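Q: Hi, I'm new to this one and would like to go through it step by step. Could you show me the structure before I start asking?
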Amino acid sequence: MSTINFANREINFKIVYYGPGLSGKTTNLKWIYSKIPEGRKGEMVSLATEDERTLFFDFLPLDLGEVKGFKTRFHLYTVPGQVFYNASRKLILRGVDGIVFVADSAPNRLRANAESMRNMRENLAEYGLKVEDIPVVLQVNKRDLPDALPVEMVQAVVDPEGRFPVFEAVATEGKGVFETLKEVSRQVLARVGST
């Protein structure tokens, strides 16, 4: 749920990168962070324990403009990939405005993609939300793998209803990274603009 800072005339939005372990969530955030000009971003924070890592930072987008006279600030988060860190995953989803689901194109990761989507749906339900209630964008990452599954196969497992916009990506090279972020941001702003 977006928050308004009246003193700074900013609306703050929370976008969470969700998906199975090693799918490219952290790589997405690191790429985005490296390309945003210094004065437009906050510090990247990594909350790390022995086995899990959560990254987050905030930024003022250059090209998304204002909403009703307020600047927009986006806070980007990753969740730990491993499902056994479910308490952290659930906590990070609290107050979410938009989700980028990062799916792995590797054939041996199809089940992990499906399990992570199921887990995301369950965690949203804990807050009384369904995926239909918030903007979700599907990023099919690691398209450079020689044995990458067809996008349609990944989508059929993760989003069988074809509800989410789909973007192909190679996050290590930045391909599809900003396109995905722009789409989820656009959807989040459109939702706010319509209220």
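Q: Is Phe-70 buried or exposed?
A: Keeping in mind that this is a predicted model, Phe-70 counts as buried, because its relative accessibility is 11% and the cut-off for buried is under 20%.

Q: And what about Phe-6, buried or exposed?
A: Phe-6 is exposed, since its relative accessible area is 59% and exposed means over 50%.

Q: How do the rings of Phe-6 and Phe-70 pair up?
A: Phe-6 and Phe-70 form an edge-to-face aromatic pair, with 5.8 Å from centre to centre and 80 degrees between the planes. A search of the whole structure finds two aromatic pairs, and this is one of them.

Q: Which parts does that pair tie together?
A: Phe-6 sits in the loop between β1 (3-5) and β2 (10-18), while Phe-70 belongs to strand β6 (residues 70-78), so the pair links parts that are 64 residues apart in sequence.

Q: Switching to helices, at what angle do α2 and α3 pack?
A: Helix α2 (residues 86-93) and helix α3 (residues 110-126) pack at an angle of about 60 degrees, and their axes are 9 Å apart. The two helices are therefore oblique to each other, and their crossing is right-handed.

Q: Which residues meet there?
A: From α2, the residues are Asn-86, Arg-89, Lys-90 and Leu-93, and they meet Ser-116, Asn-119, Met-120, Asn-123, Leu-124 and Glu-126 of α3. Sorted by class, this contact of α2 with α3 has three nonpolar, four polar and three charged residues.

Notes: Residues numbered from 1 in each chain as written. Predicted model: local features only at pLDDT ≥ 70, side-chain atom pairs only at ≥ 80, totals over all residues. Heavy atoms only, no water. Axes fitted to C-alpha atoms, helices over the stretch in contact; angles between N-to-C directions. Helix = DSSP H or I, 4+ residues; strand = E, 2+ residues; numbered from the N terminus. Parallel < 35°, antiparallel > 145°, perpendicular 65-115°, else oblique. Left-handed = near helix turned anticlockwise from the far one by under 90°. Contact = heavy atoms within 4.5 Å. Nonpolar A, V, L, I, M, F, W, Y, C, P; charged D, E, K, R; others polar. Phe/Tyr/Trp six-rings, centres within 6.5 Å; stacked < 30°, edge-to-face > 60°. Buried < 20%, exposed > 50% of the residue type's maximum accessible area, 1.4 Å probe, protein only.
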